[in-house]
Amino acid sequence: MDTQDTITIDLRDLFLLLKKHLLAIVAAAVLFAAVGGLYTKFLVTPQYEASATLIVNSREDQTGQTYITNDQITSATKLVETYSVILTSDTVLDKTIADLGLDMTYQQLAKKVSISSVNDTQVMKITVQDADPQLAEAITASIVSQAPEMIIQTVKAGSVEVISQAKAGQEPVSPSLKKNVAIAGVLGLVLCYAFFFVKYLLNNRFMTESDITNRLGLTVLGVIPSVEIQERKDEKHA
């Protein structure tokens, strides 16, 4: 008959383990948080974001029509996905690279550009992230300038009009100092507690009579108390 050794962990033991090493765990969390903050502050390049918005029309010619139907809005919303593929194609981005004299490949530029629908509407937002806010704004402006003509040539079923021109934010959008400090602090806390927990599991010494019962399955018949020997005090009293 095969037997398997099992380890029973009491929640109280986990709490006592936390309480016993609380100072070391908190110190590790603070240390990791400080390292995360310094790394974010001095070693990570801040990224700035520039964006522009355009409105998508499902039809070019709506002469005589004084209102827009729900079907046209739905069709325009779906066209946003098509337009985003067109505006992030190598045809558009390679022209942007050439016009601005960028020292990067199409793949590198494509990673900086994202195009999405604003709240599932027919408004399309073009966003570019870069370490240089002026460059991010210039790239966005280049894509926006190509958008109307490129879409008309390619789709021939709709158009776009610029709502807001390219504009870069003054504050970096990443990295987040508070977020990285918090993540690093939690990581330090978890790793430090995990270290003491593994150390606790690997400890095969019998500390109490319950350890003997749980690990060996034996009943403790008696316990020899620890008696402190005070020979010098006994000699003085004698």
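Residues are numbered from 1 along each chain as its sequence is written, and side-chain values use heavy atoms, with hydrogens and water left out. Because the model is predicted, local features need pLDDT of at least 70 and side-chain atom pairs count only at pLDDT 80 or more, whereas totals for chains, interfaces and linings use all residues.

The chain contains nine helices and four strands; helices (H or I, at least four residues) and strands (E, at least two) are DSSP runs, numbered from the N terminus. The order of the elements, starting at the N terminus, is α-α-β-α-α-α-β-β-α-β-α-α-α. Of the 238 residues in the chain, 26% are buried, where buried denotes under 20% relative accessible area, exposed over 50% and partly exposed the range in between (1.4 Å probe, protein chains only). Contacts are defined by heavy atoms within 4.5 Å. Among contacts between residues at least 6 apart in sequence, 73% join residues at least 24 apart.

Helix α7 (residues 177-202) packs against helix α2 (residues 22-42) at an angle of about 145°, and the two axes are 7 Å apart. Axes are lines fitted to C-alpha atoms, for helices over the stretch in contact, and angles between N-to-C directions run from 0 to 180 degrees. The contact is formed by A24, I25, A28, A29, F32, A33, G36, G37 and T40 of α2 together with L177, N180, V181, A184, G185, L187, G188, L189, L191, C192, Y193 and F196 of α7. By class, the residues of this contact comprise 15 nonpolar, six polar and no charged; Ala, Val, Leu, Ile, Met, Phe, Trp, Tyr, Cys and Pro count as nonpolar, Asp, Glu, Lys and Arg as charged, and the others, Gly among them, as polar.

Helix α7 also packs with α1, the axes coming within 10 Å and crossing at roughly 125°. The pair α1 and α7 is therefore oblique, given that angles under 35 degrees count as roughly parallel, over 145 as roughly antiparallel, 65 to 115 as roughly perpendicular and the rest as oblique. On the α1 side the contact involves D13, L14, L17 and L18, and on the α7 side Y193, F196, F197 and Y200. Seven nonpolar, no polar and one charged residues make up the contact of α1 with α7. Within α7, the buried residues are A184, G185, G188, C192 and F196, and these pack against α1 (11-20) and α2. The loop between β4 (159-168) and α7 contains P175, and the peptide bond from S174 to P175 is cis, with omega near 0°.

A further packing pair consists of helix α4 (residues 90-100) and helix α6 (residues 133-154), with an angle of about 130° and axes 10 Å apart. This angle makes α4 oblique to α6. In α4, T91, V92, L93, K95, T96 and L100 meet A138, I139, S142, I143, Q146 and M150 of α6. The residues of this contact divide into seven nonpolar, four polar and one charged.

Helix α6 also holds E137, which counts as partly exposed at 34% relative accessibility. Leaving aside neighbours within four places in sequence, E137 is in contact with A50, A166, K167 and A168. The C-alpha atoms of E137 and A52 are 9.0 Å apart in space, while the two residues are 85 apart in sequence.
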